[in-house]
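I opened this entry to keep track of what I looked up. The sequence and structure come first, then my notes.

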Amino acid sequence: LVLPGRFIATAEEHGLMAPLTTFVLTEAVRWCRRWRIAGSPLSVSVNLSIATLSDVTYPDTVADLCASHDVGPGEVVFELTESALARDSTVLLDIVTRLRLKGFRLSIDDFGSGYSSLEQLRSLPFTELKLDQHLIRDAARDERSRLILRNSLDLARRLKMTTVAEGVEPQADL
């Protein structure tokens, strides 16, 4: 078993993130359709890399991919990673806006750590707030973390965003 932390950096270093993302997205869309046909309609989430977010044709490409597999764009959530969000780019804004206009959902990944910020919530058309596992884990035992978590959840609700909590394992975290 090779975990993402070991191979992602190597794939990025060798310019393989775009084809890897295409492969993962294609498989995710295929499974999304299979689950729906089997009576379990589930959405799928796929991380987008910096390489993907520099191609202005990407929204059209993924819309065509989904259409060819009879999967609606609302069934796909694209997660933007910290490194992708750290870029200050009009191309990034154009791509994510076009993805939203096509009906895809967008998630800000690892919210509560690193580069994720309130400015990104304001300026990019996110539909989902994915709370970082450290924020979740610390909230069970730390009052300050719990307050930050509560306020993040309240903010997401007020912005009409879905929330996802990473790393909820023990009952105390739930």
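Where is the place of Thr21? I looked it up and found Thr21 in helix α2. Helices here are DSSP runs of H or I with at least four residues, strands are runs of E with at least two, and both are numbered from the N terminus.

**Entry 1: the model**

I noted that this is a predicted model, in which local features need pLDDT of at least 70 and side-chain atom pairs count only at pLDDT 80 or more, while totals for chains, interfaces and linings use all residues. Residues are numbered from 1 along each chain as its sequence is written, and side-chain values use heavy atoms, with hydrogens and water left out.

I then looked up the confidence, given as pLDDT (the predictor's confidence in each residue, from 0 to 100). The protein chain averages 88, and 95% of the residues score at least 70. Confidence is lowest in helix α4 (residues 82-85), with a mean of 66. It is highest in α3, at 96.

**Entry 2: helix α2**

I went back to α2, which covers residues 17-37. It has 21 residues and reaches 30 Å from its first C-alpha to its last, close to the 30 Å expected at 1.5 Å a residue. The expected span is 1.5 Å times one less than the number of residues.

Is Thr21 buried or exposed? Thr21 counts as buried because its relative accessibility is 5%. For these words I used the following cut-offs: buried is under 20% relative accessible area, exposed is over 50%, and partly exposed is in between (1.4 Å probe, protein chains only).

I listed the contacts of Thr21, where contact means heavy atoms within 4.5 Å. Not counting residues up to four places away in sequence, Thr21 touches Val46, Asn47, Leu48, Ser49, Thr52 and Tyr58.

Other buried residues of α2 include Met17, Leu25, Ala28 and Cys32. I checked what the buried residues of α2 pack against, and found α1 (4-13), β1 (44-48), α3 and β2. An α-helix has 3.6 residues a turn, so residues three or four places apart point the same way.

Ile37, also in α2, counts as exposed because its relative accessible area is 58%. I noted that Ile37 and Leu92 are 55 residues apart in sequence and 34 Å apart in space, C-alpha to C-alpha. Just after α2, Gly39 takes a positive phi of about 90°.

**Entry 3: a surface patch**

Which residues form a nonpolar patch on the surface? I found Trp31, Trp35 and Leu42, with about 290 Å² of accessible area together. Patches are made of residues with over 30% relative accessible area and no salt bridge; like charges are joined within 9 Å, and nonpolar side chains (Val, Leu, Ile, Met, Phe, Trp, Tyr) within 5 Å. The areas come from the Shrake-Rupley method with a 1.4 Å probe, and for residues only the protein chains shown count as cover. Trp31 lies in α2, and its relative accessibility of 40% makes Trp31 partly exposed.

**Entry 4: salt bridges**

Side chains of opposite charge can pair when their charged atoms come close. I counted a salt bridge where a side-chain nitrogen of Lys or Arg is within 4 Å of a carboxyl oxygen of Asp or Glu. By this rule the count comes to 10.

Arg36 forms one with Asp70, the closest N and O atoms being 3.8 Å apart. Arg36 is in helix α2 and Asp70 in the loop between α3 (58-68) and β2 (76-80), so the pair ties together parts that are 34 residues apart in sequence.

Asp60 and Arg98 meet in another, at 2.9 Å, N to O. Asp60 lies in α3 and Arg98 in helix α5 (residues 90-101), so this pair ties together parts 38 residues apart in sequence.

Lys130 and Asp109 meet at 3.9 Å, N to O. Lys130 is in strand β4 (residues 128-131) and Asp109 in strand β3 (residues 105-111), 21 residues apart. Lys130 counts as buried at 14% relative accessibility, and Asp109 is buried at 5%. I also found Glu79, Asp109, Lys130 and Glu166 linked in a network of salt bridges.

**Entry 5: Val56**

Last, I looked up Val56, in the loop between β1 and α3. Leaving aside neighbours within four places in sequence, Val56 is in contact with Val91, Asp94, Ile95 and Arg98. Val56 counts as partly exposed, at 40% relative accessibility.
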